[in-house]
Amino acid sequence: MKARFTLMTAGFLIMYLLPVTTQGRTSEEEKQKLDQDPTKVITRFGLSYSDSLSVSASFAFDPVRKINIRLDEDLDEWRLGGSWLFNFGIVNVNFGRNEFDHGGSQNNYSIGTFMPLSKFGISPWGVQLFPAAGYTYNDGDIPCDTDTDAACRDLEPQVDDRFALVANESHSGYLGVFSLKRISEHWTAMTILNGSIGTNDYSGYFVGAGMACQLTGRQSLRLMTGYIDNTYGSEAKLIVGYSYQFN
């Protein structure tokens with residue numbers, strides 16, 4: 001795992017230490033994008049609530065590079081990453097941790113991209129589509145029910161006197177699509193679908209949908225529901241969020 005972490009860190013640093021050679025984009029171009037556009041490179045601050053309060057922030061170094069951070073109030077779940085905007089789309093490098101019921105946990109290190117199909121003139125019925133693809137390395141603990149799962153009946157329970165935690169790691173690839181549809185001057189509909197498959201029988205998916213309201217030129221609210229289910233566990237969430245952009 002240390003070698004993979006080192007490689008991901010090296011890739012992250014290279015992205016930010018290399019000189020900017022991508023075709024320049026002005027801050028005005030970024031302002032024209034919808035606030036929820038995953039290729040938008042701006043500085044912003046956000047708060048959201050699901051099971052707990054989360055703080056998120058993006059810090060733009062220039063028109064093509066930014067750092068992204070998200071922290072839950074108890075620090076059990078977090079994400080740190082960086083983004084680089086190219087002509088074909090945006091490349092993201094992320095490190096993060098998720099926690100699930102019965103002690104399940106997932107650490108992930110990923111690199112992937114969003115590609116706006118509108119650049120190719122593809123926006124069916126005014127829907128902006130952003131196909132996503134990438135690679136993820138996962139490690140963590142999978143909860144195994146010692147009462148019902150024959151594979152772990154001989155293990156000693158560690159959680160709730162019933163679930164044993166089994167260490168697991170995998171390499172996986174993912175494909176998905178994120179969509180935006182402007183309903184009115186202030187309202188935008190959002191959907192997301194993502195599926196992944198990998199080594200050691202790893203598989204998973206995430207689905208979500210919601211609405212965003214543009215309060216002002218800098219402030220927005222969003223309400224989103226989502227469900228994640230993978231080898232490490234499953235979780236349903238209803239998320240209420242607020243964000244403020246600085247540039």
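Asp 160 lies in the loop between β7 and β8. In this predicted model, Asp 160 has a positive phi of about 55°, although it is not a glycine. Is Asp 160 buried or exposed? Its relative accessibility is 58%, so Asp 160 counts as exposed, since the cut-off for exposed is over 50%.

Trp 125 sits in the loop between β6 and β7. Trp 125 is not a glycine either, yet its phi is positive, at about 55°. With a relative accessible area of 77%, Trp 125 is exposed.

Now follow the strands that these loops link. Strand β6 covers residues 105–114, and strand β7 covers residues 127–145. The two pair in the antiparallel sense over ten bridges. One place to look is Asn 107, which stands opposite Asp 139 in β7. On from there, β7 pairs with strand β8, residues 163–182. This pairing is also antiparallel, and it runs over 19 bridges. Here Asp 145 stands opposite Phe 163 in β8.

What do these strands build together? They belong to a closed barrel of twelve strands, running in order from β1 through to β12 with antiparallel pairing. From one strand to the next, the twist averages 20°. Towards the end of that order, strand β11 (residues 219–230) meets strand β12 (residues 233–245). Twelve bridges join this antiparallel pair. Among the paired residues, Met 224 has Ile 239 in β12 as its bridge partner.

Back to β8, where Ser 179 is found. Ser 179 has a relative accessible area of 11%, so it is buried, the limit being under 20%. What does the side chain of Ser 179 meet? It makes a polar contact of 2.4 Å with the side chain of Thr 191.

Gly 198 counts as partly exposed because its relative accessibility is 26%, between the 20% and 50% limits. Leaving out residues up to four places away in sequence, Gly 198 touches His 171 and Ser 172. Gly 198 and Tyr 174 are 24 residues apart along the chain, and their C-alpha atoms are separated by 8.7 Å.

One more feature is the nonpolar packing. The largest nonpolar core has 15 residues. Those with the most contacts inside it are Leu 85, Ile 90, Phe 114, Phe 130, Phe 178, Leu 180 and Met 190. Which strands each supply at least two residues of this core? They are β4 (78–85), β7 and β8. The largest share, three residues, comes from β8.

Beyond its neighbours within four places in sequence, Phe 130 is in contact with Asp 37, Pro 38 and Thr 39, among others. Its contacts also include Phe 114, Met 115 and Pro 116. Gly 176, Val 177, Phe 178 and Leu 180 are in contact with Phe 130 as well.

How values were computed:
Residues are numbered from 1 along each chain as its sequence is written. This is a predicted model: local features need pLDDT of at least 70, side-chain atom pairs count only at pLDDT 80 or more; totals for chains, interfaces and linings use all residues. Side-chain values use heavy atoms; hydrogens and water are left out. Two strands pair if DSSP finds at least two bridges between them. Helices (H or I, at least four residues) and strands (E, at least two) are DSSP runs, numbered from the N terminus. Axes are lines fitted to C-alpha atoms, for helices over the stretch in contact, and angles run from 0 to 180 degrees between N-to-C directions. Buried means under 20% relative accessible area, exposed over 50%, partly exposed in between (1.4 Å probe, protein chains only). A polar contact is a pair of N or O atoms within 3.5 Å; within protein, one must be able to donate a hydrogen and the other to accept it, and residues adjacent in sequence count only if both atoms are side-chain atoms. Contact means heavy atoms within 4.5 Å. A nonpolar core is a set of buried Ala, Val, Leu, Ile, Met, Phe, Trp, Tyr and Cys residues joined through side-chain atoms within 4.5 Å.
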